[in-house]
Amino acid sequence: MATTSLPFETVRPTPDGRGLVILDQTRLPEDEVEYTLSDRESMAEAIRLLRVRGAPLLGVFGAHALAALASDRAARGERDVARLRGAFDDDVAVLAATRPTAVNLGRALQRMRTSLDGWSDDHPGADTDATAAALRGFAREIHDEDQRMCEAIGTHALELLPTSSDPTTVLTHCNAGALATGGIGTALSPLYLAHARGRALRVFADETRPLLQGARLTAWELARAGIAVTVLTDGMAGALLSSTRVDAILVGADRIAANGDVANKIGTYGLAVLAHRHGVPFYVLAPTTTLDPDCPTGADIPIEQRREVEVRSGMGRTTVPAEAGVWNPAFDVTPAELVTAWITDEGVRHSWP
Ligand code: MRU
C-alpha cells in the first residue's frame, strides 16, 4: 500500500461496484464536485471531456470502467457469460477510441482482457457474478500498482533534487500530480515526499494553455497540500529561467517511445529547449506503464488533435476572430537528447535506451 495519502480520490468504484465516482477535473479549482458515472457513454465522455485525465489515471480509470460495466450487466440479470464477454470486448473498443496519445489507457484495457482470459481458463464454470467480481479485483490491482509506482518514482526522483538550495525550486508543466494518477502523481510525487520530510519548496507551474491543467489543477493540489506554488503563463517560462534560479524542470509523460522520445502535454518540448539553453536539468517522471517499446520513435506516437473551440473561446469569451484558423494539438514530442534523465518506478536512467 502507498504510504503517502492525499485528501481526495480521483476515481473509485461505487459501493455496489456498478458505477464509478470521479472528482470532476473540469470543475476545478472553483468547485470540488464528485460525479457518478453509470454507463459506458458517460465513462467515455468523461475521458473525452477531461473530467478524468492524465496518462496513469486514464489507465486506472479504464480498468475500473470495464469492471463496473460488467458488474452492472451481471447485476441487471445477465446470466450468459459469452454475452458478458462480448459486451466487455465492445467496452474495450469504445474506451480505447477516446484518446489516442497516452499509452496507459490502451495498455490497461488490454491487460484487463488478458487477465480475464487467464482467469476464465482457470474457472471454466464461473457465472457472470463471479466474472464481474474477478474484473473488479484486476482493476483494484492496477490501481494499487499505480499508487506504488508513484511512490517509487518520487523516491528515486528525490535523490536528484539538490538539498543545498533553499528552497528547492522547480518548474513543472501541465498536471502530472495526484490528479493525474491513482496515487501521489509522477512529476509532483518527489515534491509531496520532500514536503513530508520538511524540505522547503518553491514550485512554478506553467498555466498550460489551452485547458489550463497547470493553473487549475497543479496549483490546486499543491496549494491544498500546503506547498508554495506560483503560476505563470506558458510564454513566461523563458523569462523565468533567465531571471530566477530553477533547480530542475519536472514533467510527466503520456508515452515514451523505444528510443526515449517523450510525448507530453503541448508546450513540453519548448520547455525542454529552454532548459537546454539555460542549463537546467530536464527530468521526465513516468511509470513503466507509460513506456511503449512498440513505438520506435516519437514520430510514431499518435498525437491527439482537439477541438478548435478550446482555443477560440477557452476563457469563456471569444479570443480568436472567426476568420482565423486554429491549430490545437494536445501533445508534443520532446526528443530524447533534450532529456537529462527519465525517472520511472524502476529507477533513474541518464541515457536511453
Ligand atoms: O490532456 P491531459 O490533461 O490528459 O494531459 C496530461 C499530461 O500531459 C500529463 O503531463 C501526462 O499525462 C502525465 S500525468 C502523470
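Pro 353 is located in the segment that follows β14 (347–349), where strands (E, at least two residues) and helices (H or I, at least four) are DSSP runs numbered from the N terminus. The peptide bond that joins Trp 352 to Pro 353 is cis, with omega near 0 degrees.

The model is predicted: local features need pLDDT of at least 70, side-chain atom pairs count only at pLDDT 80 or more, and totals for chains, interfaces and linings use all residues. Residues are numbered from 1 along each chain as its sequence is written, and side-chain values use heavy atoms, with hydrogens and water left out.

A cis peptide bond with omega near 0 degrees also runs from Arg 209 to Pro 210. Pro 210 is in the loop between β5 (201–206) and α7 (213–224). Cys 174, not a glycine, has a positive phi of about 60 degrees and belongs to the loop between β4 (168–172) and α6 (189–196). Most residues other than glycine have a negative phi, and most peptide bonds are trans.

The ligand is surrounded by 17 residues, the closest being Arg 53, Arg 99, Asp 254, Asn 264 and Lys 265; a residue counts if one of its heavy atoms lies within 4 Å of the ligand. Domain 1 (11–152) and domain 2 (162–349) each give at least three residues to this shell, the bounds coming from an automatic or database domain assignment.

| Residue | Protein atom | Distance |
|---|---|---|
| Arg 53 | polar side-chain atom | 2.8 Å |
| Ala 55 | backbone N or O atom | 2.9 Å |
| Gln 213 | side-chain N or O atom | 2.9 Å |

Conventions
Polar contact = N/O pair within 3.5 Å; in protein donor to acceptor, adjacent residues only side chain to side chain.
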